[in-house]
Amino acid sequence: MSETLTSSSRKRVRPAPSGGSRIIQAASVFVVVLVGLSPLFILVVAALKDDRFQILSDMGSSRAFWVDASTLNTFRDVGHFSGEFAFGRYLLNSLLILATTVVPGLIVNSMAGFVLASGRLPGRLAVLAIVIALYAMPQEGIFMPLLVMVSRMGLSDTFVAQIVPWVASPLYTFLFYQFFRNSHGRSMRPPSSTAPHPSESGGRSIYLSACPPSLLRRS
């Protein structure tokens, strides 16, 4: 028996790559990383140039990768909170919308996913099918109906119109459903030790263990 295990383990051992193959792999990874980071590098270099026409003319040559005389005037021009280029205000608005969408979205979508995975909701499978259908629907198909609805409610050009419709997401609900379903399946397996298993306290412990520590602290 031991000879059989030894022979099978020997068959599974792969030969170590040679020095030449390692060099080729390292060079390939370097090229991929260089190609992926080059647009970001060009963006940083363009931000350090003062003349926008020079930026456009340099885009078709290798001069797009360096700057002769660096300046921070571009950042000072777009850092205003009022006026024509109020990018500072736009940045704060984006951060506000991001925070007020992600945090409630984590709570709402995780609760919905937990109920669909471990709850006793009547018609749970039908609701799950609707969630999957909404997830498969392209977002471009609901933009115009959503715009008409927001306009009729008098919420155009407000933070409410940019936050509330995106809190509940079928994609994130389905992802939480998959997570809680897998967690619940693992917790139902018989434990290998005599220690109490988290499943003994019901599904509540599974949900609490998945909550962010900043939203819920367990004693």
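Lysine 49 counts as buried, at 5% relative accessibility. In this predicted model, lysine 49 pairs with aspartate 58 in a salt bridge whose closest N and O atoms are 2.9 Å apart. The protein chain has 219 residues, of which 17% count as buried.

**Overall fold and surface**

- The protein chain holds 10 helices and 0 strands.
- Read from the N terminus, the order of elements is α-α-α-α-α-α-α-α-α-α.
- Among contacts in the protein chain with a separation of 6 or more, 50% are between residues 24 or more positions apart.
- About 16,800 Å² of the protein chain is accessible surface, and carbon and sulfur atoms contribute 67% of that area.

**Salt bridges**

- The chain has 3 salt bridges by the rule applied here.
- Lysine 49 and aspartate 58 form one of them, with 2.9 Å between the closest N and O atoms.
- Both partners are buried: lysine 49 has 5% relative accessibility, and aspartate 58 has a relative accessible area of 6%. Each counts as buried because the value falls under 20%.
- Aspartate 58 also meets arginine 63 through their side chains, in a salt bridge of 3.7 Å from N to O.
- Arginine 63 has a relative accessible area of 32%, so this residue is classed as partly exposed.
- A salt bridge of 2.6 Å, N to O, joins the side chains of arginine 63 and aspartate 68.
- Aspartate 68 is exposed, at 57% relative accessibility.
- Through shared partners, the salt bridges link Lys49, Asp58, Arg63 and Asp68 into one network.

**Threonine 71 and its loop**

- Threonine 71 sits in the loop that runs between helix H3 (52–58) and helix H4 (73–78).
- Although placed in a loop, threonine 71 counts as buried, at 17% relative accessibility.
- Side chain to side chain, threonine 71 makes a polar contact of 3.0 Å with asparagine 73.
- Beyond its neighbours within four places in sequence, threonine 71 contacts Ala47, Leu48, Lys49, Asp50 and Arg76.

**Alanine 47 and helix H2**

- Alanine 47 belongs to helix H2, which spans residues 19–47.
- Setting aside neighbours within four places in sequence, alanine 47 is in contact with Thr71, Thr74 and Phe75.
- Between alanine 47 and leucine 72 the C-alpha to C-alpha distance is 7.8 Å, and the two residues are 25 residues apart in sequence.

**Nonpolar surface patch**

- A nonpolar patch on the surface is formed by Phe81, Leu91, Leu92, Leu95, Leu98, Val102, Val103, Leu106, Ile107, Val108 and Met111.
- Together, the residues of this patch have about 970 Å² of accessible area.
- Leucine 98, one of the patch residues, is located in helix H5, residues 87–118.

Technical notes
Residues are numbered from 1 along each chain as its sequence is written. This is a predicted model: local features need pLDDT of at least 70, side-chain atom pairs count only at pLDDT 80 or more; totals for chains, interfaces and linings use all residues. Side-chain values use heavy atoms; hydrogens and water are left out. Patches are made of residues with over 30% relative accessible area and no salt bridge: like charges are joined within 9 Å, nonpolar side chains (Val, Leu, Ile, Met, Phe, Trp, Tyr) within 5 Å. Accessible areas come from the Shrake-Rupley method with a 1.4 Å probe; for residues, only the protein chains shown count as cover. A salt bridge is a side-chain nitrogen of Lys or Arg within 4 Å of a carboxyl oxygen of Asp or Glu. Helices (H or I, at least four residues) and strands (E, at least two) are DSSP runs, numbered from the N terminus. Buried means under 20% relative accessible area, exposed over 50%, partly exposed in between (1.4 Å probe, protein chains only). Contact means heavy atoms within 4.5 Å. A polar contact is a pair of N or O atoms within 3.5 Å; within protein, one must be able to donate a hydrogen and the other to accept it, and residues adjacent in sequence count only if both atoms are side-chain atoms.
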